[in-house]
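Visitor: Can you walk me through how the helices sit in this one? I have the structure open next to me.

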Amino acid sequence: MIGMGEVFIMLLILGIFIALACTACALFMMLYSACPPGHRRMSPGMVWLMLIPFFGYVWTFFVVLRLSDSYRSYFNSVNQFDVGTCHQGLDLSYAICSACGVIPYLGSYIGLAGLILLIIYLVQMFGLRRRILSHAAAFPGSGTLPPPPTHLPPPPPGPGGVGQ
């Protein structure tokens, strides 16, 4: 019979896993949002599909591989070829470890390796994100965000109003 203490510990562990998964999704969303829309291979909001049980293991492959492709597309467009594949081998390793984390007995070790690979991958990708944002600041016309308006347009002419 399972006691209240065991149930509490299981719920605590489940809560920690959910918090980590939500944090990872938010970080991936930040990475996708930094890439200009013309180079994105996926909408930033689609990363939240990784939270769907079982489907998330497969979707992780799409998220990380398309993120690397998006960043590589951007850097190639601005003639910065020193980024290589944008850590595509690292993201594939993370996705494989994430999917293999459900294997009984070995899953906890593989999952820990996947967590370490995720941290390394995110650190590397946030370095590339920083480069994108600094390039956007240096060249405002090619940035990831539209420039702020310098003036408001005049109101449209209306019946009996301005412009007649």
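**Helix packing**

Guide: Keep in mind that this is a predicted model. Where do you want to start?

Visitor: Which helix holds S70?

Guide: S70 is in helix α2.

Visitor: Is S70 buried or exposed?

Guide: S70 is buried, as its relative accessible area is 0%.

Visitor: And what does S70 touch?

Guide: Leaving out residues up to four places away in sequence, S70 touches Y32, C35, H39, R40 and R41. Of these, Y32 is also listed among the buried residues of α1.

Visitor: What are the other buried ones in α1?

Guide: Besides Y32, there are A24, C25, F28, L31 and A34. The buried residues of α1 pack against α2, α3 (88-100) and α4.

Visitor: How many residues does α1 have, and what is its reach?

Guide: Helix α1 covers residues 4-34, which is 31 residues. From first C-alpha to last it reaches 45 Å, close to the 45 Å expected at 1.5 Å a residue.

Visitor: Switching topic. At what angle do α2 and α4 cross?

Guide: The axes of α2 (residues 55-77) and α4 (residues 107-138) cross at roughly 30 degrees and come within 11 Å. That angle makes α2 roughly parallel to α4. The crossing is left-handed.

Visitor: Which residues meet there?

Guide: From α2, V64, L67, S68, Y71, Y74 and F75. They meet Y121, M125, L128, R129, R131, I132 and H135 of α4.

Visitor: How many of those are nonpolar, polar or charged?

Guide: The contact of α2 with α4 has nine nonpolar residues, two polar and two charged.

Technical notes. Residues numbered from 1 in each chain as written. Predicted model: local features only at pLDDT ≥ 70, side-chain atom pairs only at ≥ 80, totals over all residues. Heavy atoms only, no water. Axes fitted to C-alpha atoms, helices over the stretch in contact; angles between N-to-C directions. Helix = DSSP H or I, 4+ residues; strand = E, 2+ residues; numbered from the N terminus. Parallel < 35°, antiparallel > 145°, perpendicular 65-115°, else oblique. Left-handed = near helix turned anticlockwise from the far one by under 90°. Contact = heavy atoms within 4.5 Å. Nonpolar A, V, L, I, M, F, W, Y, C, P; charged D, E, K, R; others polar. Buried < 20%, exposed > 50% of the residue type's maximum accessible area, 1.4 Å probe, protein only. Expected span 1.5 Å × (residues − 1).
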